[in-house]
Amino acid sequence: MELNVKRRLMVTPAESTLTGIQSLSELDQIGCTTHAHGIYFYRPTTTPFQAITETLINSLSRLLVHFYPVAGRLRSLGNGRFELDCNGKGVVFVAAELNTDLVDFGDDFTPTPDFDRFLFPALDDTVPLQELPLCLLQLTKFKCGSFSLSLAMSHVVADGLATANFMMEWARLARGEPLGTVPFLDKKAYRAGAPGAQPRFDHSNDFSCLPFLLKQPSAEDLKRMKTTMISLGLGREQVEKLKKIANQDRPINLKATRPFTRYEALTAHIWRCASKARKHQDEQPTGCLVTIDSRRHLDPPLPLGYFGNGVFDVTASCYAGELLSKPLSYGASKIRSAIEMVTNDYVLSAVDYLKSQQDLTKFQYSYKASTNGGANYGGNPNIGVINWMNLPVNGTDFGWGKEIHSGPAYHKVDGDTWIIRSDKGDESLVIVVCLLEDHVEAFKKHFYDDINYSHSTPSQSQRPMSSM
């Protein structure tokens with residue numbers, strides 16, 4: 001494959017915007033602090049490539065008037081803390097042509113290393129932080145006439161929902177329509193720039209490393225370990241069956257509560273399948289990282305147009321023996337309990353806790369980091385499940401039709417998982433998961449077999465473990 005870059009430029013706001021230093025919330029400065037990637041694919045259009053390029057550049061410039069923080073740069077304050085310099089320096093836009101057909105990337109859009117190599121703008125992370133663009137975008141035309149539009153957005157500036165809203169509003173302007181939702185940039189709800197108070201809850205086990213393997217792989221084993229990404233489809237009937245399996249053996253203390261959601265049931269299912277595929281011992285601790293949008297958990301809830309990070313990570317944990325010997329409802333109840341912790345008081349208490357920390361570095365990680373040994377937020381024996389089912393990514397039309405697929409970029413972190421809506425327009429789902437190559441086939445088998453053959457009855461061969 002050969003990429004022919006037609007244009008590469010820095011797009012700046014079309015009008016003067018507010019300038020100066022903007023304080024970031026603690027939720028902006030923990031978790032992933034590098035650029036997060038996403039991509040959209042489109043069918044061929046009769047509109048000339050040059051015209052599409054000009055439309056995107058012009059509308060992007062107008063968009064940055066409203067989303068002006070994206071055109072700024074980060075500054076390091078030391079000890080893992082940042083501030084945002086709103087200076088209007090702009091974002092990178094690349095227009096390129098690739099001498100291959102879209103079908104050469106596979107018919108199910110499963111991310112591969114070629115995604116990063118050809119479909120995303122090159123990111124030079126040797127550039128000093130204060131000079132590094134917060135957003136980079138690439139429009140790529142394939143030989144068959146199809147297009148892709150990819151972005152790399154600093155996760156310090158925006159989470160998945162904020163980034164999806166950014167793209168949706170860009171599409172509106174490109175179609176010649178007015179902005180649908182003005183971004184809400186006030187971070188006072190998360191006490192950005194304000195002094196902290198005494199935390200009301202114990203957060204000593206929050207934001208910490210997930211469990212490690214009891215038997216750590218040797219250096220030679222680590223060298224041989226390679227990850228890959230797979231996509232697994234689930235039809236509406238399969239999703240409903242999985243929910244039924246999770247709810248038919250609900251614990252007595254949960255009988256009177258609302259049924260498990262499809263997210264809770266599916267996440268518990270993915271967690272169990274990963275533990276089975278990895279052949280965990282009964283006494284192996286395992287964790288499932290659940291990503292919660294705290295916007296709607298605050299009182300009052302934040303507007304959907306809040307631009308920044310509202311993501312709050314919580315962990316469900318237990319022993320593998322418990323997870324596998326008990327019904328699916330056990331894992332779902334663990335996930336439910338983790339989610340229900342995220343209240344207004346708990347989130348603000350966590351913010352106060354983070355404000356009290358001298359160094360935030362220990363709460364940060366990079367998507368580029370290998371976690372095969374069980375490092376923070378992923379890796380055997382853990383998984384992290386990101387819910388994209390409700391993101392406004394479907395129907396992002398820039399004027400040449402809606403996307404035929406949108407999803408994540410290529411990742412190397414063992415256990416990273418995304419639940420996304422399928423491209424069929426119905427209630428079917430696609431599960432995109434990164435696993436060690438040695439675990440892929442077993443995971444696939446358990447993923448479908450455990451739906452077809454109900455696993456609600458505990459296995460007599462596995463002994464129960466005490467709860468974590």
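Which residues line the second largest cavity? The views below are close-ups of a predicted model, and the first of them takes up this question.

**View 1. The second largest cavity and its lining.** The second largest cavity is lined by Gln 22, Leu 24, Pro 69, Leu 84, Val 157, Leu 185, Lys 187 and Phe 307. The space inside the second largest cavity is about 40 Å³. By class, its lining has 6 nonpolar residues, 1 polar residue and 1 charged residue. Across the model, 2 cavities of 30 Å³ or more are counted.

**View 2. The largest cavity and its lining.** The largest cavity holds about 50 Å³ of space. Strand E15 (405-408) and strand E16 (416-421) are the elements that each give two or more residues to its lining. Trp 388, Val 393, Asn 394, Ser 406, Gly 407, Ile 420, Arg 421 and Asp 423 form that lining. The lining of the largest cavity comprises 3 nonpolar, 3 polar and 2 charged residues.

**View 3. Packing of helix H6 on helix H8.** Two packed helices are described by the angle between their axes and the distance between the axes. Helix H6 (residues 262-277) packs with helix H8 (residues 328-340) at an angle of about 120°, and the axes are 8 Å apart. Because of this angle, H6 is oblique to H8. The H6 and H8 crossing is right-handed. On the H6 side, the contact is made by Tyr 263, Glu 264, Ala 265, Thr 267, Ala 268, His 269, Trp 271 and Arg 272. On the H8 side, Leu 328, Gly 331, Ala 332, Lys 334, Ile 335, Arg 336 and Ile 339 take part. The contact of H6 with H8 is made up of 8 nonpolar, 3 polar and 4 charged residues.

**View 4. Packing of helix H1 on helix H3.** Helix H1 (residues 49-66) and helix H3 (residues 160-174) cross at roughly 120°, and their axes come within 9 Å. H1 and H3 are therefore oblique to each other. Their crossing is right-handed. From H1, the residues in contact are Thr 55, Leu 56, Ser 59, Leu 60, Arg 62, Leu 63 and Leu 64. These meet Phe 166, Glu 169, Trp 170, Leu 173 and Ala 174 of H3. By class, the contact of H1 with H3 has 8 nonpolar, 2 polar and 2 charged residues.

View 5. Most residues other than glycine have a negative phi, and most peptide bonds are trans. Pro 300 lies in the loop between strand E11 (285-293) and strand E12 (311-319).

View 6. Pro 381 belongs to the loop between strand E13 (364-365) and strand E14 (383-387).

**View 7. The positive phi of Phe 109.** Phe 109, a residue other than glycine, has a positive phi, near 60°. The loop between strand E7 (91-98) and helix H2 (113-119) contains Phe 109.

Technical notes
Residues numbered from 1 in each chain as written. Predicted model: local features only at pLDDT ≥ 70, side-chain atom pairs only at ≥ 80, totals over all residues. Heavy atoms only, no water. 1 Å grid on protein atoms, 1.4 Å probe; cavity = no way out; pocket = protein on both sides within 12 Å on 5 of 7 lines; lining within 4 Å. Points joined across faces, edges and corners; volume = space filled by probe spheres on them. Helix = DSSP H or I, 4+ residues; strand = E, 2+ residues; numbered from the N terminus. Nonpolar A, V, L, I, M, F, W, Y, C, P; charged D, E, K, R; others polar. Axes fitted to C-alpha atoms, helices over the stretch in contact; angles between N-to-C directions. Parallel < 35°, antiparallel > 145°, perpendicular 65-115°, else oblique. Left-handed = near helix turned anticlockwise from the far one by under 90°. Contact = heavy atoms within 4.5 Å.
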